[in-house]
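Reader: I am new to this structure. Could you take me through the terms used for it, one by one?

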Amino acid sequence: MGAWMRKPYDWSEDVKKLRMPVMLVYGDSDMFRPEHVVEFYKLLGGGLKDAGWMREHMSQNRLAILPDLTHYEMFLAPELPRTVRPFLDGKSGSKSWAEQVQGK
């Protein structure tokens with residue numbers, strides 16, 4: 001396992017080909033560097049432009065960086081299912097600006 005972890009992998013070209021919605025979830029003290037996490041999110045089309053007031057430019061992909069967690073303990077954190085469940089259910093956990101202002 002250690003030898004595999006030390007082997008460099010570059011999945012950049014493969015990541016760009018993914019067409020299904022993808023959610024990347026990391027801890028803020030994860031073994032993966034934040035700049036690497038963000039680069040993969042960008043390869044999926046996320047974070048490239050403002051989502052817009054009505055979320056009209058929102059990427060289908062999500063990036064979650066959970067606070068105070070490492071890669072090794074994240075699966076035990078109550079924040080994980082609360083963060084991932086709406087995505088897996090095909091829903092958004094947030095309302096648009098108009099919905100928030102109108103109180104709907």
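This is a predicted model: local features need pLDDT of at least 70, side-chain atom pairs count only at pLDDT 80 or more; totals for chains, interfaces and linings use all residues.

Reader: What makes β1 and β2 count as paired strands?

Author: Pairing needs at least two bridges between the strands. Strand β1 (residues 23-27) and strand β2 (residues 62-66) are joined by five. So they pair. The two strands run parallel.

Reader: Why is β1 described as largely enclosed?

Author: A residue is buried when its relative accessible area is under 20%. Four of the five residues of β1 are buried, so the rest of the structure largely encloses this strand.

Reader: What makes the β-α-β unit, and which hand does it have?

Author: β1, helix α3 (residues 34-43) and β2 make the unit. Right-handed means that, with the strands pointing away from the viewer, the path from the first strand over the helix to the second runs clockwise. The unit is right-handed, so its path over α3 runs clockwise in that view.

Reader: Which residues line the largest pocket?

Author: There are 15 lining residues, and Lys7, Tyr9, Trp11, Phe32 and His36 lie nearest the centre of the pocket. The elements giving two or more residues to this lining are α1 (2-6) and α3. α1 gives the largest share, three residues. The pocket holds about 530 Å³ of space.

Reader: How do the lining residues divide by class?

Author: The lining has 10 nonpolar, four charged and one polar.

Key. Residues are numbered from 1 along each chain as its sequence is written. Side-chain values use heavy atoms; hydrogens and water are left out. On a 1 Å grid over the protein atoms alone, a cavity is a set of points where a 1.4 Å probe fits but cannot get out, and a pocket is an open set with protein on both sides within 12 Å along at least five of seven lines; lining residues have an atom within 4 Å of a point. Grid points are joined across faces, edges and corners, and a volume is the space filled by probe spheres set on the points. Ala, Val, Leu, Ile, Met, Phe, Trp, Tyr, Cys and Pro count as nonpolar, Asp, Glu, Lys and Arg as charged, and the others, Gly among them, as polar. Buried means under 20% relative accessible area, exposed over 50%, partly exposed in between (1.4 Å probe, protein chains only).
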